[in-house]
Amino acid sequence: MRVYASAPGKVTLFGEHAVVYGQPAIVASIDRRINVYAEPRSDKVVTIEARDLRVPGVIVTYKEGEVTVETEYGLVLPAISYLNKAIEITSRYLDSKHGVKLVVRSEMPVGAGLGTSAAVAVATVAAYAYSGGYELSKDEIARLGWEVEKAVQGIASPMDTSITTYGGFMKIRYSGSSIERENLAVGGDLPIVIAYVEREFKTGDMVRMVRERILKYPQLYGKMIELIGEVVKIAEEALVRHDLEKLGLMMNLNHGLLDSLGVSTRKLNEVVYAARSSGALGAKLTGAGGGGCAIALCRPEKIETVESIMKFLSEFTMRTSLGTEGIRVRVEKSV
Ligand code: MEV
(Lines give C-alpha, C1' and ligand atoms only; values in the text may rest on other atoms or scores of the structure.)
Protein backbone atom coordinates (compact mmCIF):
# COMPACT_ATOMS: atom_id res chain seq x y z
CA MET A 1 0.00 0.00 0.00
CA ARG A 2 1.17 3.53 -0.78
CA VAL A 3 -0.29 6.68 0.77
CA TYR A 4 0.21 10.19 -0.57
CA ALA A 5 -0.90 12.93 1.82
CA SER A 6 -0.38 16.62 1.29
CA ALA A 7 -1.35 19.78 3.13
CA PRO A 8 -0.96 23.45 2.13
CA GLY A 9 0.93 26.31 3.72
CA LYS A 10 -0.94 29.45 4.76
CA VAL A 11 -0.86 33.18 5.16
CA THR A 12 -2.64 35.16 7.83
CA LEU A 13 -4.51 37.87 5.95
CA PHE A 14 -5.81 39.75 8.99
CA GLY A 15 -5.79 39.57 12.76
CA GLU A 16 -2.50 38.01 13.85
CA HIS A 17 -1.60 38.75 17.49
CA ALA A 18 -5.12 40.07 18.20
CA VAL A 19 -6.33 36.47 17.76
CA VAL A 20 -4.40 35.55 20.92
CA TYR A 21 -6.78 37.90 22.84
CA GLY A 22 -10.04 36.50 21.48
CA GLN A 23 -10.37 38.63 18.34
CA PRO A 24 -11.15 36.88 15.04
CA ALA A 25 -8.45 36.39 12.40
CA ILE A 26 -8.71 35.57 8.70
CA VAL A 27 -6.33 33.00 7.24
CA ALA A 28 -6.02 31.46 3.77
CA SER A 29 -4.25 28.42 2.36
CA ILE A 30 -1.59 28.97 -0.33
CA ASP A 31 -0.77 26.90 -3.41
CA ARG A 32 2.46 25.39 -1.99
CA ARG A 33 2.22 22.12 -0.12
CA ILE A 34 4.01 19.73 2.20
CA ASN A 35 3.87 16.25 0.66
CA VAL A 36 4.19 13.14 2.82
CA TYR A 37 4.49 9.70 1.24
CA ALA A 38 3.94 6.68 3.53
CA GLU A 39 4.48 3.00 2.92
CA PRO A 40 3.80 0.49 5.70
CA ARG A 41 6.68 -1.78 6.74
CA SER A 42 6.27 -5.33 7.96
CA ASP A 43 8.37 -4.59 11.08
CA LYS A 44 7.69 -1.84 13.66
CA VAL A 45 10.46 0.41 12.37
CA VAL A 46 9.77 4.01 11.33
CA THR A 47 12.10 5.55 8.75
CA ILE A 48 11.93 9.19 7.74
CA GLU A 49 13.47 10.76 4.66
CA ALA A 50 13.17 14.51 4.76
CA ARG A 51 13.90 15.71 1.24
CA ASP A 52 13.63 19.23 0.05
CA LEU A 53 12.83 20.78 3.41
CA ARG A 54 14.36 24.01 2.20
CA VAL A 55 15.07 26.73 4.72
CA PRO A 56 15.47 30.41 3.91
CA GLY A 57 18.42 32.68 4.56
CA VAL A 58 20.10 33.24 7.87
CA ILE A 59 18.99 34.33 11.33
CA VAL A 60 20.63 37.45 12.63
CA THR A 61 20.27 38.12 16.36
CA TYR A 62 21.21 41.42 18.00
CA LYS A 63 21.48 41.16 21.74
CA GLU A 64 23.24 43.56 24.09
CA GLY A 65 25.45 44.87 21.31
CA GLU A 66 26.39 41.39 20.08
CA VAL A 67 25.47 40.12 16.67
CA THR A 68 24.97 36.39 16.20
CA VAL A 69 24.51 34.95 12.75
CA GLU A 70 23.30 31.38 12.35
CA THR A 71 22.09 29.57 9.29
CA GLU A 72 18.55 28.36 9.33
CA TYR A 73 19.55 24.84 8.32
CA GLY A 74 18.93 24.00 11.98
CA LEU A 75 15.25 24.53 11.25
CA VAL A 76 15.09 21.24 9.36
CA LEU A 77 15.56 19.39 12.66
CA PRO A 78 12.52 20.91 14.38
CA ALA A 79 10.54 20.05 11.22
CA ILE A 80 11.54 16.43 11.74
CA SER A 81 10.43 16.54 15.36
CA TYR A 82 6.88 17.34 14.10
CA LEU A 83 6.99 14.11 12.08
CA ASN A 84 8.07 12.06 15.09
CA LYS A 85 5.45 13.61 17.36
CA ALA A 86 2.74 13.13 14.72
CA ILE A 87 3.47 9.39 14.57
CA GLU A 88 3.53 9.11 18.37
CA ILE A 89 0.26 11.03 18.88
CA THR A 90 -1.59 9.30 16.01
CA SER A 91 -0.60 5.80 17.10
CA ARG A 92 -1.67 6.61 20.67
CA TYR A 93 -5.03 7.90 19.38
CA LEU A 94 -5.58 4.84 17.16
CA ASP A 95 -4.17 2.56 19.87
CA SER A 96 -2.16 0.84 17.18
CA LYS A 97 1.45 1.04 16.10
CA HIS A 98 2.94 0.00 12.78
CA GLY A 99 6.24 0.43 11.00
CA VAL A 100 6.31 2.89 8.15
CA LYS A 101 8.63 4.46 5.64
CA LEU A 102 7.89 8.18 5.38
CA VAL A 103 9.24 10.56 2.78
CA VAL A 104 8.51 14.24 3.23
CA ARG A 105 9.00 16.99 0.67
CA SER A 106 8.26 20.67 0.84
CA GLU A 107 7.26 22.98 -2.00
CA MET A 108 8.03 26.01 0.20
CA PRO A 109 10.75 27.08 2.63
CA VAL A 110 10.25 25.81 6.16
CA GLY A 111 10.33 28.07 9.20
CA ALA A 112 9.42 31.19 7.19
CA GLY A 113 6.02 31.74 8.84
CA LEU A 114 4.01 29.99 6.13
CA GLY A 115 2.57 27.36 8.46
CA THR A 116 4.89 24.58 7.34
CA SER A 117 5.10 22.95 10.77
CA ALA A 118 1.30 22.63 10.93
CA ALA A 119 1.23 21.25 7.37
CA VAL A 120 3.94 18.70 8.26
CA ALA A 121 2.00 17.71 11.40
CA VAL A 122 -1.36 17.37 9.64
CA ALA A 123 -0.04 15.56 6.53
CA THR A 124 1.94 13.13 8.70
CA VAL A 125 -1.04 12.38 10.98
CA ALA A 126 -3.11 11.50 7.89
CA ALA A 127 -0.33 9.59 6.09
CA TYR A 128 0.46 7.49 9.14
CA ALA A 129 -3.18 6.66 9.95
CA TYR A 130 -4.09 5.71 6.36
CA SER A 131 -0.92 3.63 5.93
CA GLY A 132 -2.14 1.56 8.90
CA GLY A 133 -5.50 1.00 7.19
CA TYR A 134 -7.38 3.64 9.26
CA GLU A 135 -9.45 6.59 8.09
CA LEU A 136 -9.74 9.86 9.97
CA SER A 137 -12.22 12.72 9.58
CA LYS A 138 -10.94 16.25 8.95
CA ASP A 139 -11.96 17.19 12.50
CA GLU A 140 -9.84 14.37 13.88
CA ILE A 141 -6.88 15.29 11.67
CA ALA A 142 -7.07 18.99 12.66
CA ARG A 143 -7.31 18.14 16.36
CA LEU A 144 -4.43 15.65 16.29
CA GLY A 145 -2.35 18.10 14.25
CA TRP A 146 -2.96 20.79 16.87
CA GLU A 147 -1.89 18.35 19.61
CA VAL A 148 1.33 17.71 17.69
CA GLU A 149 2.06 21.44 17.45
CA LYS A 150 1.32 21.95 21.15
CA ALA A 151 3.51 18.98 22.10
CA VAL A 152 6.49 20.21 20.05
CA GLN A 153 6.16 23.96 20.71
CA GLY A 154 4.68 23.97 24.21
CA ILE A 155 2.02 26.46 23.06
CA ALA A 156 0.28 26.85 19.71
CA SER A 157 -2.90 28.38 18.39
CA PRO A 158 -5.21 26.12 16.33
CA MET A 159 -5.09 28.59 13.44
CA ASP A 160 -2.43 26.93 11.30
CA THR A 161 -3.56 23.34 11.81
CA SER A 162 -7.17 24.35 11.02
CA ILE A 163 -6.41 26.13 7.75
CA THR A 164 -4.01 23.46 6.50
CA THR A 165 -6.64 20.78 7.17
CA TYR A 166 -9.71 22.53 5.72
CA GLY A 167 -8.04 24.84 3.18
CA GLY A 168 -9.86 27.79 1.62
CA PHE A 169 -10.40 31.04 3.49
CA MET A 170 -11.29 30.84 7.14
CA LYS A 171 -12.32 33.17 9.90
CA ILE A 172 -11.15 31.75 13.16
CA ARG A 173 -11.59 32.70 16.77
CA TYR A 174 -10.49 30.74 19.78
CA SER A 175 -10.22 30.92 23.50
CA GLY A 176 -8.72 28.11 25.54
CA SER A 177 -9.72 24.89 23.87
CA SER A 178 -12.86 26.22 22.17
CA ILE A 179 -12.42 27.04 18.49
CA GLU A 180 -14.91 28.74 16.17
CA ARG A 181 -14.14 28.26 12.49
CA GLU A 182 -16.09 29.74 9.66
CA ASN A 183 -15.35 29.09 5.99
CA LEU A 184 -15.57 32.27 3.97
CA ALA A 185 -16.91 32.18 0.42
CA VAL A 186 -14.58 34.64 -1.24
CA GLY A 187 -15.79 36.41 -4.36
CA GLY A 188 -12.82 35.83 -6.73
CA ASP A 189 -9.08 35.45 -7.22
CA LEU A 190 -6.68 37.25 -4.90
CA PRO A 191 -3.27 37.66 -6.51
CA ILE A 192 -0.71 37.86 -3.72
CA VAL A 193 3.06 38.23 -3.58
CA ILE A 194 4.83 36.85 -0.50
CA ALA A 195 8.29 38.14 0.41
CA TYR A 196 10.56 36.80 3.12
CA VAL A 197 13.07 38.89 5.06
CA GLU A 198 15.45 37.67 7.73
CA ARG A 199 13.89 36.68 10.96
CA GLU A 200 15.29 38.62 13.91
CA PHE A 201 12.91 37.33 16.58
CA LYS A 202 10.99 34.15 17.22
CA THR A 203 7.18 33.96 17.35
CA GLY A 204 7.29 33.37 21.12
CA ASP A 205 9.37 36.55 21.66
CA MET A 206 6.87 38.61 19.68
CA VAL A 207 3.83 37.18 21.46
CA ARG A 208 5.50 37.78 24.85
CA MET A 209 6.44 41.36 24.00
CA VAL A 210 2.89 42.21 22.94
CA ARG A 211 1.53 40.63 26.14
CA GLU A 212 3.89 42.72 28.30
CA ARG A 213 2.85 45.93 26.53
CA ILE A 214 -0.85 45.16 26.90
CA LEU A 215 -0.38 44.49 30.61
CA LYS A 216 1.56 47.72 31.08
CA TYR A 217 -0.61 50.02 28.95
CA PRO A 218 -3.98 48.32 28.49
CA GLN A 219 -5.65 51.64 27.59
CA LEU A 220 -3.34 51.90 24.52
CA TYR A 221 -2.27 48.44 23.43
CA GLY A 222 -5.57 46.83 24.45
CA LYS A 223 -7.34 49.37 22.23
CA MET A 224 -5.11 48.48 19.28
CA ILE A 225 -6.03 44.83 19.69
CA GLU A 226 -9.72 45.83 19.61
CA LEU A 227 -9.10 47.97 16.53
CA ILE A 228 -7.52 45.00 14.75
CA GLY A 229 -10.75 43.11 15.52
CA GLU A 230 -12.68 45.96 13.82
CA VAL A 231 -10.37 45.79 10.79
CA VAL A 232 -11.11 42.05 10.52
CA LYS A 233 -14.86 42.73 10.39
CA ILE A 234 -14.55 45.19 7.49
CA ALA A 235 -11.98 42.99 5.74
CA GLU A 236 -14.34 40.00 5.90
CA GLU A 237 -17.05 41.99 4.15
CA ALA A 238 -14.57 43.20 1.51
CA LEU A 239 -13.30 39.65 0.92
CA VAL A 240 -16.75 38.23 0.36
CA ARG A 241 -17.66 41.10 -2.03
CA HIS A 242 -14.24 40.92 -3.68
CA ASP A 243 -13.71 44.62 -3.06
CA LEU A 244 -9.95 44.71 -3.65
CA GLU A 245 -9.55 48.44 -2.95
CA LYS A 246 -11.13 48.10 0.47
CA LEU A 247 -9.15 44.93 1.18
CA GLY A 248 -5.91 46.73 0.34
CA LEU A 249 -6.84 49.61 2.62
CA MET A 250 -7.59 47.18 5.46
CA MET A 251 -4.24 45.43 4.91
CA ASN A 252 -2.46 48.78 5.23
CA LEU A 253 -4.40 49.63 8.35
CA ASN A 254 -3.72 46.22 9.87
CA HIS A 255 0.00 46.62 9.16
CA GLY A 256 0.03 50.06 10.81
CA LEU A 257 -1.53 48.60 13.93
CA LEU A 258 0.93 45.69 13.98
CA ASP A 259 3.78 48.17 13.60
CA SER A 260 2.36 50.18 16.52
CA LEU A 261 2.26 47.01 18.59
CA GLY A 262 5.98 46.78 17.87
CA VAL A 263 6.14 43.55 15.85
CA SER A 264 7.29 44.94 12.50
CA THR A 265 10.94 45.50 11.61
CA ARG A 266 12.71 48.00 9.41
CA LYS A 267 13.09 45.37 6.66
CA LEU A 268 9.44 44.35 6.79
CA ASN A 269 8.42 48.01 6.64
CA GLU A 270 10.73 48.61 3.67
CA VAL A 271 9.20 45.71 1.72
CA VAL A 272 5.66 46.76 2.64
CA TYR A 273 6.17 50.40 1.63
CA ALA A 274 8.03 49.50 -1.57
CA ALA A 275 5.19 47.15 -2.57
CA ARG A 276 2.63 49.89 -2.02
CA SER A 277 4.57 52.52 -3.94
CA SER A 278 5.08 50.14 -6.87
CA GLY A 279 1.36 49.62 -7.30
CA ALA A 280 0.15 47.09 -4.72
CA LEU A 281 -3.38 47.72 -3.47
CA GLY A 282 -2.25 46.94 0.05
CA ALA A 283 0.62 45.29 1.89
CA LYS A 284 1.29 44.06 5.40
CA LEU A 285 3.46 41.77 7.42
CA THR A 286 1.91 38.36 7.94
CA GLY A 287 2.32 36.09 10.96
CA ALA A 288 4.17 36.92 14.13
CA GLY A 289 6.53 39.57 12.71
CA GLY A 290 10.05 40.25 13.96
CA GLY A 291 11.07 39.50 10.35
CA GLY A 292 9.53 36.70 8.33
CA CYS A 293 6.96 37.30 5.62
CA ALA A 294 5.13 40.27 4.15
CA ILE A 295 2.26 39.99 1.66
CA ALA A 296 1.08 42.37 -1.03
CA LEU A 297 -2.27 42.32 -2.80
CA CYS A 298 -1.95 43.27 -6.47
CA ARG A 299 -4.05 43.63 -9.57
CA PRO A 300 -2.81 41.02 -12.11
CA GLU A 301 -1.35 43.68 -14.41
CA LYS A 302 0.81 45.07 -11.59
CA ILE A 303 1.99 41.83 -10.01
CA GLU A 304 5.25 41.53 -11.95
CA THR A 305 6.44 45.05 -11.09
CA VAL A 306 5.46 44.67 -7.45
CA GLU A 307 7.20 41.31 -7.16
CA SER A 308 10.43 42.54 -8.75
CA ILE A 309 10.65 45.44 -6.26
CA MET A 310 9.86 43.18 -3.32
CA LYS A 311 12.47 40.68 -4.54
CA PHE A 312 15.10 43.39 -4.50
CA LEU A 313 14.47 44.04 -0.79
CA SER A 314 14.02 40.48 0.46
CA GLU A 315 15.55 36.99 0.58
CA PHE A 316 12.97 35.47 -1.71
CA THR A 317 9.52 36.12 -3.11
CA MET A 318 6.77 33.90 -4.41
CA ARG A 319 3.43 34.46 -6.04
CA THR A 320 0.53 32.46 -4.84
CA SER A 321 -3.15 32.09 -5.32
CA LEU A 322 -5.08 31.70 -2.12
CA GLY A 323 -7.78 29.37 -0.91
CA THR A 324 -6.46 26.04 -2.22
CA GLU A 325 -7.73 22.68 -1.00
CA GLY A 326 -6.75 21.50 2.50
CA ILE A 327 -5.52 18.02 3.41
CA ARG A 328 -5.54 15.62 0.48
CA VAL A 329 -5.04 11.86 0.87
CA ARG A 330 -4.68 9.31 -1.92
CA VAL A 331 -4.33 5.62 -1.12
CA GLU A 332 -3.00 3.13 -3.68
CA LYS A 333 -3.75 -0.40 -2.57
CA SER A 334 -1.28 -3.00 -3.83
CA VAL A 335 -2.79 -5.92 -5.70
C1 MEV B 1 1.70 33.65 14.42
O2 MEV B 1 1.70 33.11 13.09
C3 MEV B 1 0.40 34.28 14.72
C4 MEV B 1 0.23 34.84 16.13
O5 MEV B 1 -1.07 35.42 16.17
C6 MEV B 1 0.35 33.79 17.18
C7 MEV B 1 -0.75 32.75 17.14
O8 MEV B 1 -1.88 33.01 16.77
O9 MEV B 1 -0.42 31.62 17.58
C10 MEV B 1 1.24 35.92 16.40
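Modeller: Let's start in S8, where Arg 181 is the bridge partner of Ile 172. Keep in mind that this is a predicted model.

Colleague: What makes S7 and S8 a pair of strands?

Modeller: Pairing takes at least two bridges. S7 (residues 169-175) and S8 (residues 178-183) are joined by 6 bridges, so they count as paired, and they run antiparallel. The two strands form a hairpin with 2 residues between them. Gly 176, in the turn, has a positive phi of about 60 degrees.

Colleague: Why is the contact between Lys 171 and Glu 182 called a salt bridge?

Modeller: The cut-off is 4 Å between the side-chain nitrogen and a carboxyl oxygen. Here the N to O distance is 3.8 Å, so the pair qualifies. Lys 171 sits in strand S7 and Glu 182 in strand S8, 11 residues apart.

Colleague: Which other residue forms a salt bridge with Lys 171?

Modeller: Glu 236, with the closest N and O atoms 3.0 Å apart. That one links strand S7 to helix H6 (residues 218-241), 65 residues apart.

Colleague: Why is Glu 236 called buried, but Lys 171 partly exposed?

Modeller: Buried means under 20% relative accessible area. Glu 236 has 17%, so it is buried. Lys 171 is at 21%, so it falls in the partly exposed range. Glu 182, at 37%, is partly exposed too.

Key. Residues are numbered from 1 along each chain as its sequence is written. This is a predicted model: local features need pLDDT of at least 70, side-chain atom pairs count only at pLDDT 80 or more; totals for chains, interfaces and linings use all residues. Side-chain values use heavy atoms; hydrogens and water are left out. Helices (H or I, at least four residues) and strands (E, at least two) are DSSP runs, numbered from the N terminus. Buried means under 20% relative accessible area, exposed over 50%, partly exposed in between (1.4 Å probe, protein chains only).
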